[in-house]
Amino acid sequence: MEKSRRNFLKITGGFAAGFVLTGCRQEQGKVVEERKAQIPKGPVRIAGVSFLTGVAASPFGIPGDNTFRMLVDIINQQGGILGRKIEFLSKDEAGGVDTQVKLARKLILDDRVDVILGYISSGDCEAVLPLSDEMGGLIVAYDCGTHKLMEGDSSPYSFPKYKLGFRSAAHLSIDNIGLALMIKKHFPNIKAIAGINPDYAWGRDSWAVFEAAIKKLMPNVEVVGTWWPPLFTTDYTAHISALIGAEPDIVHTSFWGGDAVTFTKQALGLGLFSKMRVAYSRGEPIPQEIGRDFPEGQIIGCAGPHYFLYPPPDKWPLNKWFVEEYSKRYGKYPTYPCYHAYQALYSYKAAVEKAGSIVGTWPTVEEVAKMMSGLSIQTPSGHLSIMENHDGIEDVVVGITKLTPKYPFPILDPIEVFPAHMVNPPVGIRTIDWINSWEV
Amino acid sequence: MQWFIYVLNGLYFTAFIFLISLGLNIILGVMGILNLAHGSLYAIGAFMAAWVIITLSGLKGVPVPLLYISLISGALLAGFVGLIIERVLIRPMYGRALEYQLLITFGALLLFEDLIKLVWGGEAYYASQPFDILGKIQILGNAYPLYFLLVILVTLIVGSAVWVFITKTKMGIMLRALSLDREMATALGLEIDKLSTIAFVLGAALAGLAGSLIAPTTPVLLGFGMEPLILAFIVVVIGGLGSLKGAFIGSVIVGQIRSIGIVVFPEIELAILFLIAAVILVVKPEGLFGR
């Protein structure tokens, strides 16, 4: 009796479970079929927003935009993303914050883009990223450097700040902590440092992080002066003479683009480099811009592990392929904005494919966002991880310039690679609080 | 002897800002027009010179002196653009209230930003060959770029020529008469339109020359004219409206205070100039040498 009751329960239970499972499967299959039917027939619309005009176009925006175009061609030749070809909308970042906010609204609401990959200016990133949640559009910041983009007002801060907003690169902490670590390792006997940085948030933040890090790592080093010329200054002679007069061993700068070129050229004319070294926080594109005149012995940060000779092409074929492909198309070696553009596009592609493999169809923006958080991909520079606060973390390469017969500009030799955990704050802790907590 | 270099830096900045403010002051003095598009004329000069230098440098067998002579191209184009501005935009504004002139020249400033973008594109122009070729010399144990000394020399020559033109030639005397009393000059039968055109073209060409001279020292890019326009206004406020002597003394004050200020008060390098201009406006609103 007991046995038959058990058998009955087994049989009915089995039937019930089978019925439920079959029902679920059928229900699930129905949903998938419905969603498959909802897959847009047209291409994936990806907007790339970079400076195409103005001061940041030549050093950052155009190399970034060129890279997007090149990679879109390649991905399309390989069949697109989940079988959909990419339609790339190249947009200009010029015009200021208000213009960019309007453009982002238009891209998401009117043009119905699937994702915006964009922004070199930190101001634009801070203004546009909140629109991601507000309008339900995925936005991936690809190059802007402010460490405040995903951080809260105090530590520990809650995250993510934006559900649909990401950054696919590390922020300025890696540049400036990397410089401080490099100085400690290669120039441990220096006594004095100075800073010359552009007088806006980028310059002020870069110096604040560098100063905090160098004071922790080398407490006996004295800061002998800081200078804050306005952005786009055309005459740095007075600043350079003041630096020479202050007699630091090393000068920290976060100059970029035309400002970095103007400062370097005028500093060469005034003999600054024969008296001290300059540490450029994101200087990687500048030697290629200036050529053989760029002085040897200067300390250069690469905004991540982004350098055409690192990882060595013989050990990391993806970098070899990327450098060759870019050089063939544009006649120059790729600079760090090119690597950042790769990271943004391939992060998005990987997240869509990963989400697609789970839901069996084209994923929603929320599903893509879930996959982007915690994503890790291979890139030409090694590995990129996007953390739970939706910010990228990377190693950083810092090198010292050296002329060789092989290249028409100084290369970085030696280089040091500082791993991600040494230069990126832990998730939930503000950069400055993290540095201040170091016990050195 | 580092202080000697600080003074030299101040003189270089004086030279560059003097050419711009001299042009601004001539237009203001003779025509009574505050030309907000003056910075655009400076930018046009810089773009033109940079473009010519880059083009010449790309050709084979171009003699080096030609690169330096080509710097005049910026002044010539800015002068020509000045002629068009005066004929098309400014002339209908004579006799109207100051607000109209400000609006029309501000409109021209915006228009020229877009025109520059249309003609030369959005990328920066690097034309450093004239700066690189000259190299540097040693002055009292300090390196100094020869090109900066060349800029100071050219400014001295041009400034002296303008002074001779204004004070010693018949045309210059007529311009001064016009600046002193427009109604009386009209009553005396002076050709007001022709003199106004000459003043505007001269002022525009001086702005263009300043842009040309600066082009080899820095990448030329969109929005290039704003910083010098603001500094030129400070010079005019300090030196005095419509005064050549004021433009010179104002430029020397701005150049030297900026140079020394960056050494002594690096945190307030720009604020100190605005502060001086504010004090002058309160104590002597017409400027040190204004009328």
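Chain A is divided into domain 1 (44-170 + 313-393) and domain 2 (173-312 + 395-436), with bounds that come from an automatic or database domain assignment. This is a predicted model, in which local features need pLDDT of at least 70 and side-chain atom pairs count only at pLDDT 80 or more, while totals for chains, interfaces and linings use all residues. Residues are numbered from 1 along each chain as its sequence is written, and chains are lettered from A and ligands numbered from 1 in the order in which they are written.

**Chain A as a whole**

- The secondary structure of chain A comprises 15 helices and 15 strands, where helices (H or I, at least four residues) and strands (E, at least two) are DSSP runs numbered from the N terminus.
- The C-alpha trace of chain A spans about 100 × 50 × 45 Å along its principal axes.
- Of the 440 residues in chain A, 51% count as buried, a class that requires 20 or more other C-beta atoms within 10 Å of the residue's own, with 12 or fewer making a residue exposed, values in between making it partly exposed, and C-beta atoms placed from the backbone.
- Among the contacts in chain A with a separation of 6 or more, 74% are accounted for by residues 24 or more positions apart; two residues are in contact if their C-beta atoms, placed from the backbone, lie within 7 Å.

**The two domains**

- The centres of domain 1 and domain 2 of chain A, taken over C-alpha atoms, are separated by 26 Å.
- Contact between them involves 33 residues of domain 1 of chain A and 31 residues of domain 2 of chain A, and on the side of domain 1 that touches domain 2, α2, α11 (317-330) and α12 of chain A each supply at least two residues.
- That side of domain 1 of chain A has 18 nonpolar, ten polar and five charged residues, where Ala, Val, Leu, Ile, Met, Phe, Trp, Tyr, Cys and Pro count as nonpolar, Asp, Glu, Lys and Arg as charged, and the others, Gly among them, as polar.

- Five strands of chain A form an open sheet in the order β2-β1-β3-β4-β5, with parallel pairing; strands pair if DSSP finds at least two bridges between them.
- The edge strands of this sheet are β2 (86-92) and β5 (165-167) of chain A, each of which pairs on one side only.
- Within the sheet, β1 (residues 44-50) and β3 (residues 115-118) of chain A run parallel and are joined by four bridges, and Gly48(A) stands opposite Leu117(A) in β3(A).
- A second open sheet has three strands in the order β11-β12-β13 (chain A), and its pairing is antiparallel.
- In this sheet β11 (376-379) and β13 (392-393) of chain A stand at the edges with a single partner strand each, so one side of each is left without a neighbour in the sheet.
- β11(A) is joined by four bridges to β12 (residues 382-386) of chain A, where Gly382(A) is the bridge partner of Thr379(A).

**Tyr342(A)**

- Tyr342(A) lies in helix α12 (residues 336-359) of chain A and counts as buried because it has 27 C-beta neighbours inside 10 Å.
- Leaving aside neighbours within four places in sequence, Tyr342(A) is in contact with Thr67(A), Leu71(A), Phe322(A), Thr379(A) and Pro380(A).

**Contact with chain B**

- The contact takes 30 residues from chain A and 36 residues from chain B, and the largest share of the chain A side, seven residues, comes from α8(A).
- By class, the side of chain A that touches chain B has twelve nonpolar, 15 polar and three charged residues.
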